[in-house]
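The following explanation is intended to be read alongside the sequence and the coordinates. Please keep both in view while following the paragraphs below.

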Amino acid sequence: MSDSVLSRLLPGFEVIDVHAHVGRWDYPGEAIDLDGFRRQTDRIGFAKVIVSSRTALSYDVPEGNAEIARLAEADERFHGSVIFNANNYEESCEQIERYADHPRFVCAKIHTCMGLAVNAPQNLRVMELLARKKLPLTMHTWTGDGPAAADAAKHFPDLTFFWFHALAGDYRKAAELAKDLPNVCLEFVTSTQERGKVEHLVQHFDVNRIFFGTDQSLLNPVYALGPIVEADISDADRRKILSDNARRMFRFEK
Amino acid sequence: MRILDSHCLFGRWPKEPRDVSLPTLLKALTMLGIDKGVCVSLRGVFLSHVEGNAETMKVCREHPQLVPAATINPLGYHSRQSLPAELARQGFRMLRLFPHQQGWSAQNVVVERILAECAEAGLPVAFPIGKFSDVGSAIGRIALKGCRVILSDLYYMAMTECVEVLRRRSEFLMEVGHTCSPGAIEFLCSEIGANRLVLGTNQPLEVGRGAIEEIRCADISEQDKAAILGGNLSALLGGI
């Protein structure tokens with residue numbers, strides 16, 4: 001930790017990254033495999049990272065989730081997020097059943113790249129199982145996805161939803177919509193880093209439901225740290241966003 | 001290590017409630033440790049490039065940490081005189097274009113004319129690329145030989161295309177700021193050279209800290225970091 005990036009940028013703060021991926025992306029840069037992911041986490045200094053698989057996200061769900069299980073079982077810093085693709089209901093249920101009670105998996109994830117709106121009937125059907133399992137659902141939410149994301153959250157008031165990217169360019173809308181949905185949490189990473197976004201979310205939403213994520217290995221985690229380092233908020237709020245909220249939500253022991 | 005930012009703005013942002021005022025820009029530069037920022041008045045983007053350029057020059061004369069960049073809206077550029085030549089004479093060090101805000105594209109022949117006139121005037125041009133388009137390829141095809149273009153505001157999705165453009169156009173440079181995938185800086189240094197990368201953070205619209213730290217933390221030499229953070233931009237603009 002003493003030589004890590006965090007020790008320079010956020011001295012004294014513990015950081016839990018709730019939004020990360022392992023795998024190769026079709027863009028130039030470093031392909032982050034399991035070993036690369038461990039090395040990167042060493043270099044940055046994150047205490048814990050919740051990881052889903054790029055392979056599962058874009059191609060083969062069982063293969064990708066199994067890869068995440070291997071990573072999480074081998075290193076206590078890493079926890080799994082089980083991806084499902086609701087275009088295949090049986091496979092989705094099988095994957096959730098397999099990993100919901102796995103001690104190293106703490107949530108599930110869907111992405112609109114699978115061709116379904118987050119409130120599509122296929123997704124809602126699988127969410128019934130997640131609600132029964134009490135497994136929080138993280139989901140990619142982008143500009144324009146607000147009504148669909150809110151609709152899904154209203155369908156399942158006892159299921160915790162994480163709106164990753166906080167609706168991107170619609171982050172003000174995300175704060176407005178989610179404020180009255182107590183089962184919704186926001187994570188705000190995007191490659192366009194609007195000045196004032198974190199401050200707005202803290203001011204207009206509930207700081208106890210704001211989480212830090214990097215979207216590594218798509219984005220460089222050093223880059224993703226910028227907005228929370230620069231945010232004009234109290235250190236108490238910064239601490240909640242960076243780690244306290246995640247420890248409470250996912251029952252991570254100190 | 002001097003930090004020079006090629007991509008700064010000031011004024012008003014009519015589309016959303018954003019504070020991009022001059023005091024906010026100056027404060028942001030100080031907070032980030034940026035020695036100088038090359039800036040454009042948003043009056044020139046959203047209202048009139050004539051009025052905006054005059055405002056930019058006035059403000060830069062009053063604030064030594066700001067370096068003047070002009071802008072031209074191709075939709076309103078019909079004079080037969082070369083405005084880039086006049087802007088260079090006035091002391092502008094760069095031209096920055098705003099297709100997304102003004103509603104035109106690189107296919108507009110007036111853009112081709114502006115790039116040609118900038119080449120003749122020796123005025124570098126920053127052209128925004130964005131995320132998913134083939135704008136970089138278009139600019140690579142239409143810019144006259146010798147036109148020094150910074151492919152600006154480009155995201156990691158457009159990196160491969162723009163690297164290919166830079167391989168074909170040795171006088172082009174690339175702005176790093178949104179090229180934020182892991183290992184991107186190392187990749188770009190390896191493929192096109194650190195001497196062709198300049199920092200641009202879109203101050204004060206965006207945070208900027210991540211873009212700077214990404215360069216500081218990159219696995220490249222201190223000399224290359226210094227070049228990307230400021231040396232290359234200074235050399236491009238004739239010393240700032």
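Two residues are said to be in contact if their C-beta atoms, placed from the backbone, lie within 7 Å. By this criterion, 27 residues from chain A and 23 residues from chain B take part in the contact between the chains. Helices (H or I, at least four residues) and strands (E, at least two) are DSSP runs, numbered from the N terminus. On the side of chain A that touches chain B, the elements giving two or more residues are helix H1 (5-9) and helix H10 (221-230) of chain A. The most is given by H10(A), with eight residues. That side of chain A comprises 14 nonpolar, nine polar and four charged residues, where Ala, Val, Leu, Ile, Met, Phe, Trp, Tyr, Cys and Pro count as nonpolar, Asp, Glu, Lys and Arg as charged, and the others, Gly among them, as polar.

This is a predicted model, in which local features need pLDDT of at least 70 and side-chain atom pairs count only at pLDDT 80 or more, while totals for chains, interfaces and linings use all residues. Residues are numbered from 1 along each chain as its sequence is written, and chains are lettered from A and ligands numbered from 1 in the order in which they are written. The model scores ipTM 0.91 and pTM 0.94. The predictor's confidence in each residue is given as pLDDT, from 0 to 100; for chain B the mean is 97, and 100% of the residues reach 70 or more.

Chain A contains 11 helices and eight strands. Its C-alpha atoms fill a box of roughly 45 × 40 × 35 Å along the principal axes. The radius of gyration is taken over C-alpha atoms, and the globule rule is 2.2 Å times the number of residues to the power 0.38. A compact globule of 254 residues would have a value near 18 Å, and the 17 Å of chain A agrees with this. Of the contacts in chain A between residues at least 6 apart in sequence, 72% join residues at least 24 apart. A residue is buried if 20 or more other C-beta atoms lie within 10 Å of its own, exposed if 12 or fewer, and partly exposed in between, with C-beta atoms placed from the backbone. Buried residues make up 52% of the 254 residues in chain A.

Within chain A, strand E6 (residues 161-164) and strand E7 (residues 184-187) run parallel and are joined by three bridges; two strands pair if DSSP finds at least two bridges between them. Phe161(A) has Val184(A) as its bridge partner in E7(A). From E7(A), Val184(A) and Leu186(A) point one way and Cys185(A) and Glu187(A) the other way, and all are buried. In the loop between E6 and helix H8 (171-179) of chain A lies His165(A), which has a positive phi of about 75° although it is not a glycine. His165(A) counts as buried because it has 24 C-beta neighbours inside 10 Å.

In chain B, eight strands form an open sheet in the order E1-E2-E3-E4-E5-E6-E7-E8, with parallel pairing. Strand E1 (4-10) and strand E8 (197-199) of chain B stand at the edges with a single partner strand each, so one side of each is left without a neighbour in the sheet. E1(B) pairs with E2(B) in the parallel sense over five bridges, and in E2(B) the bridge partner of Leu4(B) is Lys36(B).

The loop between E8 and H10 of chain B holds Asn202(B), which has a positive phi of about 60° although it is not a glycine. Asn202(B) is buried, with 25 other C-beta atoms within 10 Å. The place of Pro204(B) is also in the loop between E8 and H10 of chain B, and a cis peptide bond with omega about -10° joins Gln203(B) and Pro204(B). Most residues other than glycine have a negative phi, and most peptide bonds are trans. Helix H10 (residues 209-216) of chain B is largely enclosed by the rest of the structure, because six of its eight residues are buried. The buried residues of H10(B) pack against several elements, including H10 of chain A and helix H11 (222-236) of chain B.
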